[in-house]
Amino acid sequence: MRICYVLSVRLTKFTDLALRAVMRLAVATDGEPMTTRQVAEAVDVPYAHMAKAVSRLQHLGVLEARRGRGGGLGLTVLGRRASVGWLVRELEGEEEVVACEGDTPCPLRGDCRLRRALREAQNAFYASLDRLTVADLVASTRRPVPVGLSIRPPG
Ligand code: SF4
């Protein structure tokens with residue numbers, strides 16, 4: 001019996017830190033310009049990693065860099081309204097959670113029930129995230145700023 005290379009439902013580090021950046025910027029007030037470095041520090045990731053994530057998010061139209069005084073990174077309207085499912089799909093890509101093809105394709109791949117079940121599970125995972133927008137992730141009646149996303153006190 002072939003061993004399946006099934007991954008757990010786990011986001012890549014890149015997706016995670018991109019989502020951290022989006023959430024942090026979603027709670028930024030209009031008068032609070034944030035550089036990539038400030039966002040990186042606020043969500044505790046290395047600057048170089050955050051720069052890559054910011055670049056990808058800009059490419060997707062989720063973030064924009066506003067120039068001039070008071071400028072900085074900000075969420076676009078799309079970024080605020082985007083479904084989390086769409087964003088995670090874009091960041092993760094459309095790969096299956098199991099390597100049925102690859103360099104040595106699985107001989108069972110033609111009509112494998114496990115493969116179908118895993119596809120359904122993956123679709124259900126994304127469908128649950130489709131119900132949330134980025135704005136929903138930071139909306140709270142009790143805490144306006146998610147724990148861990150507030151700016152660190154100086155010092
Ligand atoms: S086709 Fe089925 S048995 Fe083969 S690798 Fe994919 S899920 Fe596993």
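Two residues are taken to be in contact if their C-beta atoms, placed from the backbone, lie within 7 Å. The structure is a predicted model, in which local features need pLDDT of at least 70, side-chain atom pairs count only at pLDDT 80 or more, and totals for chains, interfaces and linings use all residues. Residues are numbered from 1 along each chain as its sequence is written.

Leu-25 is in contact with Met-34, Val-39, Leu-63, Leu-73, Gly-74 and Leu-75, when its neighbours within four places in sequence are left aside. In the protein as a whole, 65% of the contacts with a separation of 6 or more are between residues 24 or more positions apart.

Seven helices and two strands are present in the protein; helices (H or I, at least four residues) and strands (E, at least two) are DSSP runs, numbered from the N terminus. Their order along the sequence is α-α-α-β-β-α-α-α-α.

A residue is called buried if 20 or more other C-beta atoms lie within 10 Å of its own, exposed if 12 or fewer do, and partly exposed in between. Of the 155 residues of the protein, 18% count as buried. A nonpolar core is a set of buried Ala, Val, Leu, Ile, Met, Phe, Trp, Tyr and Cys residues joined through C-beta atoms within 7 Å. The largest such core has 24 residues, and those with the most contacts inside it are Ala-18, Ala-21, Val-22, Leu-25, Val-39 and Leu-57. At least two residues of this core come from each of helix 1, helix 2 (36-42), helix 3 (47-60), strand 2 (72-75) and helix 5. Helix 1 supplies the largest share, seven residues.

Helix 1 (residues 13-26) also packs against helix 5 (residues 84-92), at an angle of about 140 degrees and with the axes 9 Å apart. Axes are lines fitted to C-alpha atoms, for helices over the stretch in contact, and angles run from 0 to 180 degrees between N-to-C directions. Helix 1 is therefore oblique to helix 5; angles under 35 degrees count as roughly parallel, over 145 as roughly antiparallel, 65 to 115 as roughly perpendicular and the rest as oblique. In this contact, Phe-14, Thr-15 and Ala-18 of helix 1 meet Val-88, Leu-91 and Glu-92 of helix 5.

Val-98 is located in the loop between helix 5 and helix 6 (113-130). Val-98 counts as partly exposed because it has 19 C-beta neighbours inside 10 Å. Val-98 and Arg-115 are separated by 17 residues in sequence and by 7.6 Å in space, C-alpha to C-alpha.
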